Amino acid sequence: MQNGIINIPTAYEAIVSATNDLSFNMASDIYTGSLLKTLVASKPGGRILELGTGSGLATSWIVSGLDKDAVLITVENNAMLLSVAQKNLNDARIDFVLEDGYKWLKEYRGEKFDLIFADAMPGKYDLFEEAFFLLKTGGLYIIDDMLPQPNWPAGHAERVASFINFLEGRKDVILTKLNWSTGIIIAVKVSTGT
Ligand SMILES: C[S@@+](CC[C@H](N)C(=O)[O-])C[C@H]1O[C@@H](n2cnc3c(N)ncnc32)[C@H](O)[C@@H]1O
């Protein structure tokens, strides 16, 4: 148990250590991870997409929520970070994609997803429509870092506020903003009936 969080994935500590060695400071925290695992587990046989693998900390939680028939595609453009994730998470259900997320989102033609964890600019602040198109109706779109963080650059707070406003104004979204972790939004894609 760590900070009240149980069932930490086996690979987690090794990834934390490698992540610290790389001085990578954008990793998702344990609370986001635990929530992701819980939500992924609600999608048996589900298709999960993660945009921004980083070194695989959130990925380790996502994988531990997959059932035997569920699959994960995770996209990252930094080869060094992705190799940490790949080395520590050897699992046939994961498709690690080393590619620019902007390119991937524009070119992906496969099946839609049941849950998307959008943790890079493409799919969140950029190309949101392309990412959201890839979510099934009833699917979950999850983002973190929505509460003020010490590492936010100048102007980011305004960008976050505007994005939340945009999401809240959509008719095809039902969402809840959680004061959990770094500030999570869980948005469900709903039919507009048109
Ligand atoms: C907030 S971090 C993700 C952290 C990750 N969820 C974790 O648990 O460690 C954002 C990641 O997106 C990646 N990234 C940034 N721009 C990208 C792009 N255009 N395409 C793909 N990945 C990108 C960064 O290299 C970084 O690893």
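**Loop, helix and ligand site**

Reply: Met121 lies in the loop that joins β4 (113-118) to α6 (128-133). The model is a predicted one.

Me: Is Met121 buried, partly exposed or exposed?

Reply: The relative accessible area of Met121 is 33%. Buried means under 20% and exposed means over 50%, with partly exposed in between. Met121 therefore counts as partly exposed.

Me: What distance separates the C-alpha atoms of Met121 and Gly52?

Reply: Met121 and Gly52 are 69 residues apart along the chain. In the model, the separation of their C-alpha atoms is 8.4 Å.

Me: Which helix holds Ala161, and is Ala161 buried, partly exposed or exposed?

Reply: Ala161 belongs to helix α7, residues 156-168. With a relative accessible area of 45%, Ala161 falls between the limits of 20% and 50%. The helix is thus α7, and the class of Ala161 is partly exposed.

Me: How far apart are the C-alpha atoms of Ala161 and Met146?

Reply: Along the chain, Ala161 and Met146 are 15 residues apart. Their C-alpha atoms are separated by 8.5 Å.

Me: What is the value of phi at Asn3, and where is Asn3 found?

Reply: Asn3 is found in the segment before α1 (12-21). Asn3 counts as exposed because its relative accessibility is 56%, and exposed means over 50%. Its phi is positive although the residue is not glycine, with a value near 50°.

Me: What is the value of phi at Ser23, and is Ser23 buried or exposed?

Reply: Ser23 is found in the loop between α1 and α2 (30-41). Phi of Ser23 is positive, near 55°, in a residue other than glycine. The relative accessibility of Ser23 is 60%, so Ser23 counts as exposed.

Me: Where does the ligand sit, and which helices each supply at least two residues of the shell around it?

Reply: The ligand sits in the largest pocket. At least two residues of the shell around the ligand come from each of α3 (57-65) and α5 (101-107).

Me: Which residues come nearest to the ligand, and how does the shell divide by residue type?

Reply: There are 22 residues around the ligand, and those that come nearest are Ala58, Glu76, Asp100, Gly101 and Asp119. By type, the residues of the shell are ten nonpolar, seven polar and five charged.

Me: What distances separate ligand atoms from backbone atoms of Ala58, Asn77 and Gly101, and what share of the ligand's accessible area does the protein cover?

Reply: An oxygen atom of the ligand lies 2.9 Å from a polar backbone atom of Ala58. For a nitrogen atom of the ligand, the distance to a backbone N or O atom is 3.3 Å at Asn77 and 2.7 Å at Gly101. On its own the ligand has 600 Å² of accessible area, of which the protein covers 88%.

Definitions and conventions. Residues are numbered from 1 along each chain as its sequence is written. This is a predicted model: local features need pLDDT of at least 70, side-chain atom pairs count only at pLDDT 80 or more; totals for chains, interfaces and linings use all residues. Side-chain values use heavy atoms; hydrogens and water are left out. A residue is near a molecule or strand if one of its heavy atoms lies within 4 Å of it. A polar contact is a pair of N or O atoms within 3.5 Å; within protein, one must be able to donate a hydrogen and the other to accept it, and residues adjacent in sequence count only if both atoms are side-chain atoms. Accessible areas come from the Shrake-Rupley method with a 1.4 Å probe; for residues, only the protein chains shown count as cover. On a 1 Å grid over the protein atoms alone, a cavity is a set of points where a 1.4 Å probe fits but cannot get out, and a pocket is an open set with protein on both sides within 12 Å along at least five of seven lines; lining residues have an atom within 4 Å of a point. A molecule sits in a cavity or pocket if more than half of its atoms lie within 2 Å of its grid points. Helices (H or I, at least four residues) and strands (E, at least two) are DSSP runs, numbered from the N terminus. Ala, Val, Leu, Ile, Met, Phe, Trp, Tyr, Cys and Pro count as nonpolar, Asp, Glu, Lys and Arg as charged, and the others, Gly among them, as polar. Buried means under 20% relative accessible area, exposed over 50%, partly exposed in between (1.4 Å probe, protein chains only).
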